[in-house]
Every structure is written in C-alpha cells, then in structure tokens.
Amino acid sequence: MRTSIRTAGILAALLATGATGCAGGRTTQDFPPPATDLTGKVRLVAYADCDEMTEGLRQAAARNVTPWGFGDAMLYAARSDVAAAKQATPEQSYSTTNTHEAGVDEPDLVKTDGDRVITVTRGVLRVVDAKTRKVTGTLRLVAEDQSWAQADLLVHGDRALVLFQGGGIIPFGATAKIRAGSGGPRYVLVDLSGEPRVLGAMTVHGQHIDARQVGSTVRLVVRSQPEIAFPAPEQDESEKELLEGNRKAVLSAPADAWLPSYDVESGGASRTERVGCGQVSHPDQFTGTSMLTIHTIDLAAATPFGSLTPIAVAADGDTVYGTAGSLYVTSNPRWWAARPIDVVPLPDSPAAPTATPEAPPERTEVHRFDVSAPGAPRYVTSGSVPGRLLNQYSLSEYDGHLRVATTSGAEVFGASPGTSESGVYVLDAGTLAQTGSVTGLGKGERIYSVRFMDGLGYVVTFRQTDPLYTLDLRDPAAPKVTGELKITGFSAYLHPAGEGRLIGIGQEASEKGRVLGTQISLFDVSDPAAPAVLSRFHQEKSGSEAEWDPHAFLYWPATGLAVLPLQNWSDGGIAGSAALALRVGDREITKLGVVTHPRPTAKSDFAPADQGIRRSLVIGDDLWTVSDTGLKVSDAATLADRAWIPFA
C-alpha cells in the first residue's frame, strides 16, 4: 500500500478552458463548517510495562471487534503522510525520482546516479551502464511465476534496498531449508559493487504503508493487526454469539498477539524478532485493532540488519510524509458501516453498545517523529484536524508549521450529497496545536490535488467544474484564499515549473463532469489574486499514471522537457501506450513527440510483460524510458532513437 500517492483510481487535476470568476463563496464566513473541535491534542503515551500494554490493548480491541473479527467489517479504517524545509540541490546532469521534498527520497522502480541506471521490474534487478548502455548486472529476486510482484527501490552508493510491498513473496532459489518468509512485505538488501548479490532481507508481519530515505537512512512504515485465533463459527450461530466468542478470544489474547514481529535473514542465519513492549506507545484513544511500526535501516552500515530498533504506535496509518528532520504519519477513518447488533457485555469488561454506534468523528490524526538523528525515531507530538487527506501532498512543513488540506463530508457512509467542503489547517510543528485555518473551499466538492510552495498553497476541488484556489499562508494565524480559477476538468497532480508557473496534470471534462481525456495545463500563478491559464494540451480518450502517481512525471527545468506515460483508450480498452514528451515554455506547451517501446513476443505467461512505458529520466542529453520489456535511450531534444536495451 503506497499511500504516499498511489491512491489508484483517483484522477485529480486542474485544467483549463477559460478563466471565469468562481460564483459562490469560498471562506468560512460564506460556508460555515459543522462544529468540530480542531484543537484537541492527541496525546501519545508509552506503556509502563507489558502487563499494562496487554490489558490496554485487550480492552480497546474487545470494544471494536465484530462478529467477523478485524477484517472488512471493522467499524472504521485509516491511513497516514507529511513534509520538510527546502534544501539547495546542486545542478546535476541527471534527473532523480520526482519526490515531494528535496533531499528526501521515495521508493520507485528506477534510480540513477548519472553513471548507472538501476531498475527492478518483474522480479529482476538490473544495473545498466549509462555510457556503454549495456546491462552490467542482473539479479532475479523472485521466481518467474511471481513476476507480478510489485517492487520499488531505494539506493545509497553500492547498496540497494528492494521493497516488495505484497505478501507471499518467495525468494528466488528458496529451498526447503530456507524459509519463504511470513507472507508480509519483504525488504531485500542488495550489494551493487560487483555482480549484484543479496546481503540480507527482512520480512514483516503486516502491510507496507510507505518509506522515506534521507542520506543513507531508510524509515519503513508498516501496519499490522493483532494475530488472534477467533473461534470457528458453528452452524446457526447468531451474530450476537459470534461477537461474544470473538470478544472472549480478544480478552484472553497474549501480548505477542499485538507486538509486531519480523523475520530477518543476515549473515547466513535467520531469526524472528518482535517489537518490545518498551517500544510501543498509544494515543489517548485507540481501537486496539492495528499497530504502526517504524523500522530504521542504515544502508551504509556494515550490517544494516544486524541490530534493529523499531518503534510502534497503537494506531492506524495510511499516509507518510517526510522531511529532512521529521516523519509524519497520519490516520483517518475512510469509511464506516456499523451493523445493528444487540451486544451483551462480558463480565469485567467495558459496557458494549446495545444499538448501532455513532459514526467515528471524521478526523485526521497526525503523529510527528523526529528523524534528524541516526537510529530509531523519537516521538515528538500529535494533533488532529477535521476531514480526510487525499495523499501526502496534502501535507507540508514550512517555517515551523505544518499545513494540512482535508475534505469533510465527502464519500462517507450516509453522507448527504453536496455536504462536502474542504479546508487548510495550519499547525505549530512543535506541538501540532492549531494556529489558523481557512475553510469552506469547494462546497459540494472534494479535493483532487494540493501543492504547497513556500508561503503559498494551491488546492483543486472538483465535482463538475474545477476551481483552483490560491492561498496565502505566510501568516500562520490568518491563512486566506487570495484567488480562484474556475475551469472544466480537474488536475490530479500539480508541479512547480519555475517562478510564477504551475503545471497541472489531469483530465479535461465536460460541464457535467464527464472526463474526456488527459490534459496538461500551464498556469500563471505569479499574481495570487488572479491565477490564469496560459496553455494546455489535451489528448482525447487517454489517461496517465502520473495522475495518481507523481513518480511517473518527469520535468527537466533546464530545457522545459516534460514527459509522462500516456495510455490511449478505444472502445473501452487500451489501444496503445507511450511516453508523451512536451516542451513547457514560459507561456505555452508544445508537443515534442512520443516514445514507444517494441511490442514483446507473445507468451502464455500468467502476467506477460507490458511494453507500456512507466518511467522516464534524463542523463546528459539522453532521455531514458522504462517499461517491463526494456530501456530505450532517445535524444532528449529530438526524441530520435539512440539505443534499445531489452530485458531478456
């Protein structure tokens, strides 16, 4: 699960057909939001010992377990994300992964240091020499019949960490004497100094949320549920009886049921470890149904898996946002579907509700950790704001404050149409107490994209038409909307393009909100009171991965080159896939051309290779594009073919 941005299926963007004043209000005075406590602190507390931890988790989980356990019938679920101060980056002759914050790397399927291109596709890691354009190293990490396994990379020097997000990954060449792992996310450390070889691996019992890297230090965020054996249902057993049996199982479960475990393979040996009780903290209120664990791995250490000191929080999480010194993990209820069950309290247990409980508050909790020093993160503070985040770009740390953009009243079970609205909340980064807010944005709509740049912010909301709001956030106590641009379509991703310029990637739409195809727009935001459309490019019946995953977007400021994957649709299916190359000038967007990869030989594989281009990067005057089938090198100015490097 990559909540960083991969909220698949969310197409969001701000696009242009004309600039008209937005009818209707936009401020708190115009659209008063429902009364919500925005200042409530979320205190995070460490347990005194294992007994206190076990009893606290038992009681909380017993109140939240359902007749169906901790699965899809849970009353609510959640997610997490966050950002840091700008760092000056020297001019370089190669592009890097498109990340939220400078100096904070994010996992992706390709990395380069200018001399090498390192990719992981279909379970195989490859190293390609950028000068000779030859594959210099290959390492298969999973069996061919598991080539569907999604993987990403983080690299430091001659060390690569390969992140397999899904469970059940079996290492390539595993035998009966080598365990396949726990069935959770698997993190494999690879030595790149010669022929690539595995140095060690960690498999966790849980679900991968996201990861961030600063220097050689990687922070992995994992979510897990308690491992409790619920009694098998008997024939004709009522929901009330099922619930009572599950609550008894929860109230007698040992501490190890909640303490996250992980398997480590290092130095030719395997071991299983658990997070210690002393490394677990909890908010004042928590469900007891999930645990967030942060693992720290130093890629430069002699034995990165030798001594691990993870910390855990009894909380849900789905979005991660990182700066050079802070790691933010957020959680918020995504949906709610309580069932009316007549619950009978168990002896010596908290009273249970006898009717359908109220929906949990639509609130995003934010936990901040200090990651400025090596080793385990240090918990700093927690806070909360109303509403739900879209993704990590809804968060931004700047000048001692955290800005958070959320939508309230949208996509909630039982919500009335047209009740949604959005807002931006400014929190003190040291305490996460609220400093200021501006609400009432996009009445009846929801946020589709957000971008914060220094003291300014840009928020796109959409339902049928797309208001782009510009915000002045320089006074944390009095943030305000300064302008808006109402246009058809939406932008799912916003990217800075130099002084006073903003690129929007998303979909054009009819006046009734029906999407019409990919649209890339250039906005003039030099005057915050009057944002304007300068140019746009529209490709009918198409979509781009960059709409929901910014890692797929390349912008090279030196030449104004912008590249993104483009899928063309015809009669409900994919008619073709290519990389669209554009030239973004100061006032217009022009099409440079498209890059395509050769179609692979037809095979009967369960998951055949796809020639669709996923990523692009620049090295010198070369444009490199990546697909499952290989790497193509093109002239970055003309797109003329220079080399094709097939993946055998």
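Modeller: R223 counts as buried, at 14% relative accessibility; buried means under 20% relative accessible area, exposed over 50% and partly exposed in between, with a 1.4 Å probe and protein chains only. The model is predicted, so local features need pLDDT of at least 70 and side-chain atom pairs count only at pLDDT 80 or more, while totals for chains, interfaces and linings use all residues. Residues are numbered from 1 along each chain as its sequence is written, and side-chain values use heavy atoms, without hydrogens and water.

The side chain of R223 meets that of D316 in a salt bridge, 3.2 Å from N to O; the term denotes a side-chain nitrogen of Lys or Arg within 4 Å of a carboxyl oxygen of Asp or Glu. R223 belongs to strand β11 and D316 to the loop between β16 and β17, so this pair ties together parts 93 residues apart in sequence. Strands are DSSP runs of E, at least two residues long, and helices are runs of H or I, at least four, numbered from the N terminus. D316 is also buried, with a relative accessible area of 7%.

A second bridge joins D586 and R501 (3.3 Å, N to O). It links distant parts of the chain, with D586 in the loop between β36 and β37 and R501 in strand β30, 85 residues apart. R501 is buried at 8% relative accessibility.

E244 is partly exposed at 28%, as is K248 at 48%.

The whole structure holds 28 salt bridges.
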